[in-house]
Amino acid sequence: MAKMKMTSSGGTFQDPQAGTFAGVCVRVIDLGTQEQEWEGVKSNKRQLMLGCELHGDSVDSDASGYMTDELGQIDPAKPFLVSAWLTASFHEEATLRKYMESWRGAPYTEQQIAEFEAEGFDWALMLGVPCMVKMGLNKKGKVKIQGINRLQKNLTAPVPVNKPIAFSLDEYDQEAFDALPQGIRDIIMKSPEWKELNGAPTTLAAAAKAINEGAPFDDEIPF
């Protein structure tokens with residue numbers, strides 16, 4: 001289980017090509033409350049990192065479907081791993097909810113949303129679930145996730161290469177935290193939730209209030 005309560009109120013790196021590819025979810029990581037800026041206005045939002053492997057020969061310009069190692073050789077242990085950093089909100093206009101509903105192929109009911117708010121959503125259910133990932137250029141010219149949908153029926157579900165990871169600050173597991181990449185741990189350690197868990201001074205109540213008041217709208221499926 002890796003539940004987190006929801007509110008209804010994103011060295012060198014190789015980019016894949018723009019396009020829509022078969023993928024599989026391998027990371028769902030609670031980053032805690034993070035400061036972000038939207039059109040010049042700073043605010044604090046609970047954030048979720050959603051990571052998917054991309055599979056298929058057309059993912060990169062070399063038509064190999066894999067990244068290269070330090071020597072420039074194709075490495076079959078390195079499929080492209082792409083991430084979306086999303087506000088952890090199931091508001092009807094939230095990007096996360098739109099991704100989840102298009103991925104599962106059906107909208108959530110109001111009863112389901114109420115249960116997520118009261119009891120939490122088990123993010124571990126997403127691990128290993130196949131999907132179609134739409135990649136496109138953002139305003140800075142970087143290739144980023146722009147949509148997630150159900151896997152096309154004519155495609156074989158990809159098998160994950162990376163070890164699937166689900167992490168939640170609401171059900172904190174030190175061993176799971178230690179297994180995360182250092183860069184992700186550094187981000188999480190900035191959050192008031194992590195600081196509170198580790199006895200550091202925090203303004204968690206104020207940050208939580210900001211989340212609730214102004215989140216930007218930035219059949220086999222088990223969720």
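The cut-off I used for buried is under 20%. I note that the model is predicted.

I then checked what Arg46 pairs with. Asp30 forms a salt bridge with Arg46, and their closest N and O atoms are 2.7 Å apart. Asp30 lies in strand β2 and Arg46 in strand β3 (residues 41–55), so this pair ties together parts 16 residues apart in sequence. I found both Asp30 and Arg46 buried.

Arg46 also meets the side chain of Asp170 in a salt bridge, at 3.2 Å from N to O. I placed Asp170 in the loop between β9 (165–167) and α3 (174–178), and Arg46 in strand β3; the pair links distant parts of the chain, 124 residues apart. Asp170 is partly exposed, with 40% relative accessibility. I traced the shared partners and got one network of salt bridges that joins Asp30, Arg46, Asp170 and Glu193.

How many salt bridges does the structure hold? I count seven.

One of these is the salt bridge between the side chains of Lys142 and Asp15, at 3.2 Å from N to O. Lys142 sits in the loop between β7 (130–137) and β8 (143–149), and Asp15 in the loop between β1 (3–4) and β2 (19–38), so the pair ties together parts 127 residues apart in sequence.

Are Lys142 and Asp15 buried or partly exposed? I found Lys142 partly exposed, with a relative accessible area of 36%. Asp15 also counts as partly exposed, at 29% relative accessibility.

Conventions: Residues numbered from 1 in each chain as written. Predicted model: local features only at pLDDT ≥ 70, side-chain atom pairs only at ≥ 80, totals over all residues. Heavy atoms only, no water. Salt bridge = Lys/Arg side-chain N within 4 Å of Asp/Glu carboxyl O. Helix = DSSP H or I, 4+ residues; strand = E, 2+ residues; numbered from the N terminus. Buried < 20%, exposed > 50% of the residue type's maximum accessible area, 1.4 Å probe, protein only.
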